[in-house]
Amino acid sequence: MTVIADQIIDWRSQLAALDPYLKGLGGVVHIRLGQDSPGSAFARALRSAMRTGIWPYPWSAVQIDYGDPNTHYISEIVSQIRTSTGLQFPKPDIPGSEVSVDIGTDIKARGNVTIQDISVVVGTDRETPTVLAANIDELCTALQDHMTNHRVALIFMNSHQYARRELTYIRRFLWEGKLESLIEHGLLVLDFSNPQSAADTDLWPPDPCLAIDLQDKYDENSRASAAEDIAKLARDNGFAQSTEEAKGFAEGILMTSYNIRDMYARLGLCIAARG
């Protein structure tokens, strides 16, 4: 079954601009969104290109989204990067301070005192600053080794939704001197955000090597490319039996769509209806 979200419809100019990075160059890329920009559609198409394209290095793409409970906090982001890349590294050995617990001392009472069924649990917080810093250090070491023959893309989706405090933590604890140092080893950071809605663009995203404005509507050239791609999709999946029928199908989709996001939605409905 065709998954419309994975289809690369147009995106020619964007993928051409990203080509050096897809071939292994590390860097920070801003994908600047407007109110109706098809950020999710482009991110899905980009992940599909990384997964299916023939590149000098195999790719792992990690999507970090404020709306995803698995990537809301720094500790969760670290865990998600580790899971998505398949990295294996030991948990850091963090020495803890000795805890002394006294029960029933210095009791003054007139009569016998009985103490029974006492349960004492002494635990540690896995997200303490010391533990978190050690986990990040271990992650960066493992990533650097991994990227000798692989590439990793961190895709920050809608980072403008993070509050200033959270962006400060990401910048201070995860980026500066940590992930930042891996850019020269091939780490690719793609930030999808709306600068007009961001809490503080001085905090995040980091300064870019490349910035791409993701438009919400096709221009003349990109519309022609989209029509070509939709027509090919129609032929390849049996939705059209001839070239002319495929062109008509593509034109119908584009003419009834008021922007790119709507085009993906309408195309998905058509494909689902045909079955």
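Student: Which residues does L190 touch, not counting residues up to four places away in sequence?

Tutor: In this predicted model, L190 touches L18, V29, L46, M50, A153, L154, I155 and F156 once residues up to four places away in sequence are left out.

Student: What tends to happen to nonpolar side chains in soluble globular proteins?

Tutor: They tend to be buried together. Here the largest nonpolar core has 41 residues, and L18, L190, F192, I230 and M263 are those with the most contacts inside it. Apart from this core lies another, of 30 residues, which includes V78, L167, I170 and L179.

Student: Where is A199 found, and with which residues is A199 in contact beyond its neighbours within four places in sequence?

Tutor: A199 lies in the loop between β4 (188–193) and β5 (210–214). Its contacts, with those neighbours set aside, are H160, Y162, A163, R164 and L167. A199 and L167 stand 32 residues apart in sequence, and their C-alpha atoms are 8.4 Å apart in space.

Student: Why does A199 count as partly exposed?

Tutor: The class lies between 20% and 50% relative accessible area. A199 counts as partly exposed because its relative accessibility is 30%.

Student: Which helix supplies the largest share of the lining of the second largest pocket?

Tutor: That helix is α5, with six residues. The second largest pocket has a volume of about 410 Å³. Its lining comprises 19 residues, of which I74, S75, L132, Y169 and F173 are the closest to its centre. At least two lining residues come from each of α3 (74–85), α4 (129–146) and α5 (164–175).

Student: How do the residues of that lining divide into nonpolar, polar and charged?

Tutor: The lining of the second largest pocket has 11 nonpolar, two polar and six charged residues.

Technical notes. Residues are numbered from 1 along each chain as its sequence is written. This is a predicted model: local features need pLDDT of at least 70, side-chain atom pairs count only at pLDDT 80 or more; totals for chains, interfaces and linings use all residues. Side-chain values use heavy atoms; hydrogens and water are left out. A nonpolar core is a set of buried Ala, Val, Leu, Ile, Met, Phe, Trp, Tyr and Cys residues joined through side-chain atoms within 4.5 Å. Buried means under 20% relative accessible area, exposed over 50%, partly exposed in between (1.4 Å probe, protein chains only). Contact means heavy atoms within 4.5 Å. Helices (H or I, at least four residues) and strands (E, at least two) are DSSP runs, numbered from the N terminus. On a 1 Å grid over the protein atoms alone, a cavity is a set of points where a 1.4 Å probe fits but cannot get out, and a pocket is an open set with protein on both sides within 12 Å along at least five of seven lines; lining residues have an atom within 4 Å of a point. Grid points are joined across faces, edges and corners, and a volume is the space filled by probe spheres set on the points. Ala, Val, Leu, Ile, Met, Phe, Trp, Tyr, Cys and Pro count as nonpolar, Asp, Glu, Lys and Arg as charged, and the others, Gly among them, as polar.
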